[in-house]
Amino acid sequence: MATTRETERTGIEAAAGVLPDADRFRWLLGLVVPAAIVVAWHLLVATGVFAAHQLPAPLRVVETLYGLGASGELWGHVAITVQRVFLGALLGTSVGVLLGTLTGLYGLADDLLDPLLQSLKNIPSLAWVPLFLLWFGIGEGAKVLLIAVGAFFPVYLNLSTGIGNVSEELLEVAEVYELGRFESLRRVVFPAAVPSLLVGIRGGVGLAWMFVVAAELIAASEGIGFLLSDGRVLARPDIIVGSILLFAFFGNLSDLAVKEVKNRVVAR
Amino acid sequence: MSSLGEGALADEEVETAGDATDGGEGGPDGDARGVDDGAGSTDGDASEPGRDSGPTADPTLAVRGLAVRYGETVALDGVDLAVGHGEFVAVVGPSGCGKSTLLRVLSGLEEGFEGDAAVDGTDVREGGSDDVGMVFQEPRLLPWDDVRGNVAVGLPVGVDRDDPAARDRVDDLIETVGLDGFAESRPGELSGGMAQRVALARGLAYDPAVLLLDEPFSALDRLTKHEQQDHLLDVWADRGTTVALVTHDVEEAAYLADCVVVLGGQPGTVEAVVDVDADRPRDRTDEELLAARREITDALGL
């Protein structure tokens with residue numbers, strides 16, 4: 001009996017000792033399928049199943065990107081796109097925080113604004129483009145504003161809900177201990193809403209990348225989106241695929257960054 | 001009745017109640033009185049105001065004709081209660097008789113009620129509840145803040161939590177509830193009983209004129225419960241706080257309180273008011289406590 005238990009325990013400890021190591025490399029499994037796809041892609045182009053003018057070989061895409069990078073052209077495009085996304089996300093997040101706080105805290109503001117904002121959020125991003133071009137021209141302002149519209153909604157919706165859903169029980173604690181308006185916001189309401197806010201920002205940054213493509217495809221002379229449409233005009237599929245990969249890369253990078261911030265703040 | 005650790009606890013009681021009782025052999029004046037239908041009200045006429053209430057005739061807690069409705073449900077109906085300054089009153093009753101509702105009214109959390117509820121002569125709807133602290137049935141801690149931060153929530157208005165004196169006070173309270181070493185822990189890392197004690201420390205940090213406690217010891221093991229009960233008596237004696245404690249533990253009610261209000265029925269009404277005249281410091285096996293317990297149990301209809 002005692003021996004059995006002993007053995008069990010050793011078994012569990014051994015398992016516990018091994019598992020974390022195995023878990024550490026587990027994410028590598030996520031690379032298996034993409035790698036297989038790249039290999040298949042290469043083979044399909046090399047064997048002529050896809051014509052090279054429709055789908056370039058993976059290496060060709062890498063070469064093109066490398067060439068653009070080496071000539072310095074790429075960095076201008078990347079920098080302006082990142083700048084647009086950053087400014088747009090910043091603006092959208094700021095306005096989202098402002099209105100989300102307002103509607104989250106005040107029932108009247110919520111009654112007045114929320115129905116409108118809820119319906120505006122359903123307008124597809126591309127639908128705004130002509131109007132923004134008309135209003136703000138084809139300058140940077142129009143693009144940043146368009147991206148801000150995209151980033152705004154997730155931030156607004158999540159924060160407003162997050163603040164509205166702060167536990168009634170904790171609010172009663174703040175009331176009983178006479179924390180006062182300001183202190184209960186600072187100590188109870190805002191900390192409770194931080195996770196929702198970060199979920200919103202994560203969604204907002206994601207949408208900012210979607211909206212930057214819309215902005216740059218239609219009216220831009222530089223940026224990754226411009227590169228993308230330029231690739232179509234020049235019939236250069238390698239540039240198109242390369243641009244898509246760049247969007248994927250930067251989109252993932254920003255998402256990881258926000259996620260990391262979220263994990264640190266929330267797991268605190 | 002536990003014999004567990006009785007000796008050690010009794011020692012503490014001696015220190016405790018030494019200051020609690022000021023002279024009078026009856027323990028802190030039994031002037032808490034449920035002014036009600038008089039159903040089970042035992043001996044003791046409304047005695048004169050408590051030890052340091054001075055000439056004020058107003059009871060610290062005054063409830064008259066209180067009725068609370070939640071939609072169709074009537075939680076409390078026709079409740080009268082008067083608790084004198086520095087009094088320790090316990091409210092017992094079966095689940096759902098409106099014990100917690102009574103505390104919610106007194107702490108100013110319940111807006112819609114009929115009748116009067118006043119603290120020190122001021123209606124709770126007009127700021128009378130400002131100096132009332134409440135320890136909820138659930139710990140209700142801020143999950144993102146550590147134990148120290150949570151206790152500091154209870155610091156009175158105007159006290160800067162970063163002030164060294166305030167910090168010391170918070171740390172003292174954490175030690176008082178037996179959680180030294182956990183000041184930096186987050187509520188998620190604590191057991192239910194530990195979280196409850198953090199909530200208790202938060203209530204004590206507020207140092208209110210009236211402290212309301214809603215089953216604050218329910219999640220504690222017997223030994224810890226006895227310890228915390230005695231700490232509460234210490235604080236009560238030391239600060240002259242008026243205490244109203246809701247509990248379903250008859251033994252606890254009799255041991256702690258000057259006066260036990262028995263709520264019952266649906267909707268809740270005052271069934272009986274039992275005075276506990278046992279001398280302080282009390283012994284948990286005191287004959288008078290046993291008699292009081294019997295009386296409370298009878299009033300509960302158990």
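Analyst: The discussion below concerns salt bridges in this predicted model. Side chains of opposite charge can pair when their charged atoms come close. A search of the whole structure finds 23 salt bridges over all chains.

User: Which side chain does B:Glu184 meet in a salt bridge?

Analyst: B:Glu184 pairs with B:Arg148, with an N to O distance of 2.5 Å. B:Glu184 lies in the loop between helix H4 and helix H5 of chain B, whereas B:Arg148 belongs to helix H3, so the bridge ties together parts that are 36 residues apart in sequence.

User: Are these two residues buried or exposed?

Analyst: B:Glu184 counts as exposed because its relative accessibility is 57%, over the 50% cut-off. B:Arg148 counts as buried, at 17%, which is under the 20% limit.

User: Which side chain does B:Arg284 meet?

Analyst: The partner of B:Arg284 is B:Asp230, at 3.7 Å from N to O. B:Arg284 sits in the loop between strand S10 and helix H8 of chain B and B:Asp230 in helix H6, so this pair joins parts 54 residues apart in sequence. Both B:Arg284 and B:Asp230 are buried.

User: Where do B:Asp258 and B:Arg280 lie?

Analyst: B:Asp258 and B:Arg280 form a salt bridge of 2.8 Å, N to O. B:Asp258 is in the loop between helix H7 and strand S9 of chain B, and B:Arg280 is in the loop between S10 and H8, so the parts they tie together are 22 residues apart in sequence. B:Asp258 and B:Arg280 are both buried.

User: Which residues are linked in a network of salt bridges?

Analyst: Such a network links A:Glu169 and A:Glu172 with B:Arg104, B:Glu110, B:Glu138 and B:Arg140.

Notes
Residues numbered from 1 in each chain as written. Chains lettered and ligands numbered in written order. Predicted model: local features only at pLDDT ≥ 70, side-chain atom pairs only at ≥ 80, totals over all residues. Heavy atoms only, no water. Salt bridge = Lys/Arg side-chain N within 4 Å of Asp/Glu carboxyl O. Helix = DSSP H or I, 4+ residues; strand = E, 2+ residues; numbered from the N terminus. Buried < 20%, exposed > 50% of the residue type's maximum accessible area, 1.4 Å probe, protein only.
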